[in-house]
Amino acid sequence: MNQKRKIAGCCTLCDKELVDVLSRWVEGHPYAGEPRDIGKWHDGAMRLDFVLSGGSTTTLTFCDDCAGEAESRLPEIWRKCLASLAFEVEYYVAIGHPPMEEAHRRNVHASNMRLAGEIPLGVTSRRKWRDQVDARST
Ligand SMILES: [Zn+2]
């Protein structure tokens with residue numbers, strides 16, 4: 001899988017780290033070097049809510065600079081999100097989850113296929129994560 005994907009705790013577009021990183025995935029791990037445990041959001045971390053074509057919403061993180069461009073880069077943003085979901089399923093156990101039972105695997109697959117069939121239509125709100133909650137509780 002060579003598709004660029006979203007990285008936990010980072011800007012969805014430019015991959016800039018936007019949280020205090022408490023620990024990272026070790027070398028040799030599929031997520032090597034990426035944040036594993038995250039702490040508080042940095043001041044420039046923005047929380048943007050998007051409405052999807054199916055009517056549901058999703059929240060993504062951006063740096064100050066990219067937050068203003070998000071609405072004009074929706075296809076790129078969505079491709080990274082879908083790549084990240086596929087990667088997570090591929091390495092589900094490696095990131096600390098128990099192996100998926102068949103019913104759970106089918107539910108996750110159905111959810112990911114539903115999201116793959118949708119597109120984000122636009123941004124419904126922009127706020128600082130700092131004004132919301134601690135990163136670990138999201
Ligand atoms: Zn950015």
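Hi everyone, let's start with T12, which sits in the segment before strand 1, the strand that runs 19-24. Please keep in mind that we are looking at a predicted model.

So, is T12 buried or exposed? T12 is buried, because 25 other C-beta atoms lie within 10 Å and the cut-off for burial is 20 or more. And which residues does T12 touch, once we set aside its neighbours within four places in sequence? The contacts are K6, L60, T61, F62, I77 and K80. Have a look at W78 too: 66 residues separate T12 from W78 in sequence, yet their C-alpha atoms are 9.5 Å apart in space.

That brings us to helix 2. Helix 2 spans residues 74-90, 17 residues in total. From first C-alpha to last, helix 2 reaches 24 Å, close to the 24 Å expected at 1.5 Å a residue. Buried residues in helix 2 are I77, W78 and K80. Why do they share a side of helix 2? They cover an arc of only 160° around the axis, and that puts them on the same side. As a reminder, an α-helix has 3.6 residues a turn, so residues three or four places apart point the same way. On the face turned away from the buried side you will find the exposed residues P75 and E90.

What covers the buried residues of helix 2? The cover includes strand 4, residues 57-62, and strand 5, residues 120-128.

Three strands make an open sheet in the order 4-3-5, with antiparallel pairing. Strand 4 and strand 5 are the edge strands, each pairing on one side only. On average, neighbouring strands here are turned by 30° against each other, ignoring direction. Strand 3, residues 46-52, pairs with strand 4 in the antiparallel sense over six bridges.

Finally, let's zoom out. The protein chain has three helices and five strands, following the pattern β-β-β-β-α-α-α-β along the sequence. For 138 residues, a compact globule would have a radius of gyration near 14 Å, and the chain's 15 Å agrees with that. Its C-alpha atoms fill a box of roughly 40 × 35 × 30 Å along the principal axes. Of the 138 residues, 20% count as buried. Among contacts between residues at least 6 apart in sequence, 60% join residues at least 24 apart.

Definitions and conventions: Residues are numbered from 1 along each chain as its sequence is written. This is a predicted model: local features need pLDDT of at least 70, side-chain atom pairs count only at pLDDT 80 or more; totals for chains, interfaces and linings use all residues. Helices (H or I, at least four residues) and strands (E, at least two) are DSSP runs, numbered from the N terminus. The expected span of a helix is 1.5 Å times one less than its number of residues. A residue is buried if 20 or more other C-beta atoms lie within 10 Å of its own, exposed if 12 or fewer, and partly exposed in between; C-beta atoms are placed from the backbone. The arc is that of the directions from the helix axis to the C-beta atoms. Two residues are in contact if their C-beta atoms, placed from the backbone, lie within 7 Å. The radius of gyration is taken over C-alpha atoms; the globule rule is 2.2 Å times the number of residues to the power 0.38. Two strands pair if DSSP finds at least two bridges between them. Axes are lines fitted to C-alpha atoms, for helices over the stretch in contact, and angles run from 0 to 180 degrees between N-to-C directions.
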